[in-house]
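Hi,

Here is the structure I promised to pass on.

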Amino acid sequence: MSDLLLIAVVYVRIGLLAFGGGTAVLPEMQRQVVLEQGWLTEREFLDSYALGLLTPGPGMLMALFAGYRVAGLPGALTALAALILPSALLSAVAVARWDALHRSPWLATLQRTFGPLALGLIAAGTYTLLTSVLSNFLSALVAGAGFWLLWRWRLHPALVILAGGVMTGALTLVPG
Amino acid sequence: MPEASRRVPLAELFLVFAAVGLTSLGGRLAYYHDALVAKRRWLTDQEFLDGSALSNFVPGPIFANFTVYAARRLGGWRAVAPGIVLCALPGAVAMLLLTIAYDSGLSRAPAVAAGLGGLTAAGAAFSAVTWLRLAIANPLGRSGAVLATLAFLGLGPLHLSLIVVVPPLALIGIWINRPRPGRTP
């Protein structure tokens with residue numbers, strides 16, 4: 001299978017099964033790009049997640065990182081299209097049928113099913129991140145402080161995330 | 001869905017999509033609420049909630065799914081494709097540039113490597129807080145809790161594939177929650 005086709009297959013599958021947004025797909029992305037395909041190392045995968053935090057727009061843009069690594073610009077664009085287009089098409093179908101769906105008892109069925117599933121997937125994504133982060137004392141400290149600032153003081157997430165990156169990076173510049 | 005209740009001039013709509021695509025760090029729907037509901041009143045709160053619900057139960061990036069809903073609602077079908085491009089392109093370009101910078105050797109600088117670790121750690125904290133808030137705001141019944149726990153165990157500690165975990169659990173959930181006479185929706 002050509003690289004581009006493989007990228008498309010991997011990300012279409014991830015995009016079409018990803019309920020709950022960016023965090024929810026982390027375990028599957030990690031499994032695919034690190035363990036199954038070997039496109040990235042564990043460290044590179046976490047770094048691509050970190051870079052994704054710095055970009056605006058849809059979550060999951062970290063997929064471009066692996067796509068670029070495998071096949072350059074065409075690989076990155078294939079990853080982007082494979083993630084977004086199939087679900088955008090499904091959204092268009094759902095939007096077109098929204099009135100009928102909105103009145104249907106099946107809407108409650110879908111919400112009662114995919115709500116909990118999404119919650120479980122987000123928990124799995126958080127678990128994937130935390131198991132990596134908590135193995136390092138400094139990272140664990142930043143995660144703990146970030147959690148407290150977000151939970152207790154409800155600071156803007158972008159502010160806390162950027163501060164976490166900048167302050168941890170700056171610590172390496174302190175002599176001694 | 002009926003034809004958009006209030007059509008917005010396409011140029012104006014595309015400008016807003018481009019601005020949201022450019023500034024929405026983290027891709028949260030709150031940016032859309034601010035741009036389309038709070039600032040311009042192009043969508044009502046109820047329309048926003050409908051779009052949010054739809055975006056959540058369709059798989060894929062929630063932000064892009066909501067873009068389809070808002071573009072259709074405010075500009076008709078012809079606004080959908082440009083809307084997706086405008087919301088995703090700035091982030092995609094930024095991600096590409098960051099990837100190229102990373103590959104150029106920047107990631108080997110100790111401060112950059114440590115900074116990326118700090119970003120990941122703070123991102124993990126944000127994910128944990130988001131999950132906790134969602135779990136508190138949406139208490140699950142017994143079957144919902146079982147579905148959520150199985151999805152967590154399968155994808156998390158057991159490292160199973162999405163395709164092994166999600167379709168069977170979705171089918172079980174749909175069967176358990178299927179409409180039945182006498183059951184309130």
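**The interface, then the rest**

Across the interface of chain B and chain A, 17 residue pairs are in polar contact, both residues of each pair being at pLDDT 80 or more. Do keep in mind that this is a predicted model.

Which elements of chain B do the touching? Those that give two or more residues to the side facing chain A are α1 (10–23), α3 (45–57), α4 (62–75), α5 (80–103), α6 (110–137), α7 (142–155) and α8 (162–176) of chain B. Of these, α6(B) gives the most, with 24 residues. By residue type, that side of chain B splits into 62 nonpolar, 23 polar and seven charged residues.

As for the totals, 92 residues of chain B are in contact with 96 residues of chain A. Between them the two chains bury about 8300 Å², and 77% of that is on carbon and sulfur atoms.

**Salt bridges**

How many salt bridges cross the interface of chain B and chain A? The rule finds one. In that salt bridge the side chains of B:D103 and A:R69 meet, at 2.7 Å from N to O.

Over all chains, the count comes to seven salt bridges. One I picked out inside chain A joins the side chains of A:E28 and A:R31, with 3.3 Å from N to O. Both A:E28 and A:R31 sit in helix α2 (residues 26–36) of chain A, three residues apart, which is about one turn of the helix.

**A nonpolar patch on chain B**

B:V146, B:L150, B:L153, B:L158, B:L160, B:I163 and B:V164 make a nonpolar surface patch of about 580 Å². Helices α7 and α8 of chain B each supply at least two residues of the patch, and α7(B) gives the most, with three. B:V146 is in helix α7 of chain B.

**Chain A overall**

What is chain A built from? Taken along the principal axes, the C-alpha atoms of chain A fill a box of roughly 65 × 45 × 25 Å.

Cheers

Terms used:
Residues numbered from 1 in each chain as written. Chains lettered and ligands numbered in written order. Predicted model: local features only at pLDDT ≥ 70, side-chain atom pairs only at ≥ 80, totals over all residues. Heavy atoms only, no water. Contact = heavy atoms within 4.5 Å. Buried area = accessible area lost by both parts, 1.4 Å probe. Salt bridge = Lys/Arg side-chain N within 4 Å of Asp/Glu carboxyl O. Polar contact = N/O pair within 3.5 Å; in protein donor to acceptor, adjacent residues only side chain to side chain. Helix = DSSP H or I, 4+ residues; strand = E, 2+ residues; numbered from the N terminus. Nonpolar A, V, L, I, M, F, W, Y, C, P; charged D, E, K, R; others polar. Patch = residues over 30% accessible without salt bridge, like charges linked within 9 Å, V, L, I, M, F, W, Y side chains within 5 Å. Areas by Shrake-Rupley, 256 points an atom, 1.4 Å probe, with all protein chains shown as cover.
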